[in-house]
Amino acid sequence: MSKIAFVFPGQGAQRIGMAREFYDSCLESREVFELASAAAGYSIEEICFSETLPCSGGAGADERVPNTKIHQTRYTQPVLLTASLAILAAVQKAGIQADMAAGLSLGEYCALTAAGTFSVTDAVRIVCQRGIYMEEAVPTGGAMTAILSRKPLPIEEICAATDGQVSVANYNCPGQQVISGEKDAVDRAAAKLLEAGASRAVPLVVSGPFHSPMLSGAGEKLAALLADQEIRQPELLVLSNVTARPESDPEEIRTLLGQQVCSSVRWQQSVEYMIAAGADTFIEIGPGTTLTNFMKKIDKTVRALHIEKPEDLEAVKSVL
């Protein structure tokens with residue numbers, strides 16, 4: 001039986017103006033932004049939509065500066081979450097429903113919200129703190145590098161055999177993994193992987209070694225925050241980044257979300273699980289087409305769609 005999976009992008013997909021068309025045209029999307037701003041305690045709309053922001057401490061009351069907040073982890077995460085959930089609200093209003101869901105890193109919170117595990121308000125509050133914890137936990141000297149290869153590589157073994165702290169942060173799709181850890185160790189592992197046959201090693205412009213044990217402090221703080229958070233059983237099958245398996249027990253979800261920030265993101269394995277469970281249509285909800293592009297490398301036989309703008313939603317409605 002044909003099944004639909006919603007998938008949600010992670011940090012790095014953000015752009016100024018994302019979800020603006022839905023905000024302007026769909027009441028339910030606008031309400032998501034309003035709830036999110038109230039939960040965050042600042043204007044999500046301003047950071048999401050404005051090219052410039054008021055200058056704090058500037059000489060002139062009307063002075064404005066380029067909007068860099070959208071790329072600061074503590075703001076990126078709640079703003080991107082809100083934009084994706086605002087688009088989701090329009091998708092659901094159009095009557096499109098999923099059988100299962102998953103999200104890349106931050107996107108897992110979108111998937112859980114789509115499944116009713118969190119309210120929009122709770123998701124934004126949690127993610128606001130998640131962004132702060134990750135930003136504050138970033139040690140000096142951390143790095144991430146994407147490893148591109150046309151053939152399978154012993155990436156775990158090479159990382160384990162490299163002096164210093166380096167591990168696999170993301171299993172994105174065949175031919176693309178990301179390693180993370182201490183900069184010198186990441187550089188050494190990347191060099192070894194190039195010697196083993198990788199075609200390219202691309203350093204990523206990030207603020208820290210995310211999804212590595214070096215972020216364990218952020219994971220501990222997040223776990224403490226989640227200990228008091230109501231977590232409802234998902235109404236959909238939702239894949240965990242940590243296990244690449246569906247998790248429905250609220251206590252297990254709580255534990256895994258605490259581990260997620262310092263564990264590998266098993267995206268390819270999650271998608272493969274959903275395909276085996278019957279998903280043959282994947283709809284990426286949010287800015288960009290990163291996950292849609294991964295899908296084409298994971299399995300070209302399934303249908304990969306994306307919804308970023310109202311015209312994308314109309315196109316998806318026409319093919320479903």
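The model is predicted, so local features need pLDDT of at least 70 and side-chain atom pairs count only at pLDDT 80 or more, while totals for chains, interfaces and linings use all residues. Residues are numbered from 1 along each chain as its sequence is written, and side-chain values use heavy atoms, with hydrogens and water left out.

**Surroundings of Q260**
- Q260 belongs to helix α10, helices being DSSP runs of H or I with at least four residues, numbered from the N terminus.
- The side chains of Q260 and E108 are joined by a polar contact of 2.9 Å, that is, a pair of N or O atoms within 3.5 Å, one able to donate a hydrogen and the other to accept it.
- Leaving aside residues up to four places away in sequence, Q260 touches S105, E108, Y109, R130, H211, N241 and V242, where contact means heavy atoms within 4.5 Å.

**Helix α12**
- In α12, which spans residues 290-298, the buried residues are L291, T292, F294, M295 and I298.
- Because these residues cover an arc of only 160° around the axis, they lie on the same side of α12; the arc is taken from the directions from the helix axis to the C-beta atoms.
- The buried residues of α12 pack against β1 (3-8), β6 (166-173), β7 (176-182), α11 (267-276), β10 (279-285) and β11 (303-307), strands being DSSP runs of E with at least two residues.

Terms used. Buried < 20%, exposed > 50% of the residue type's maximum accessible area, 1.4 Å probe, protein only.
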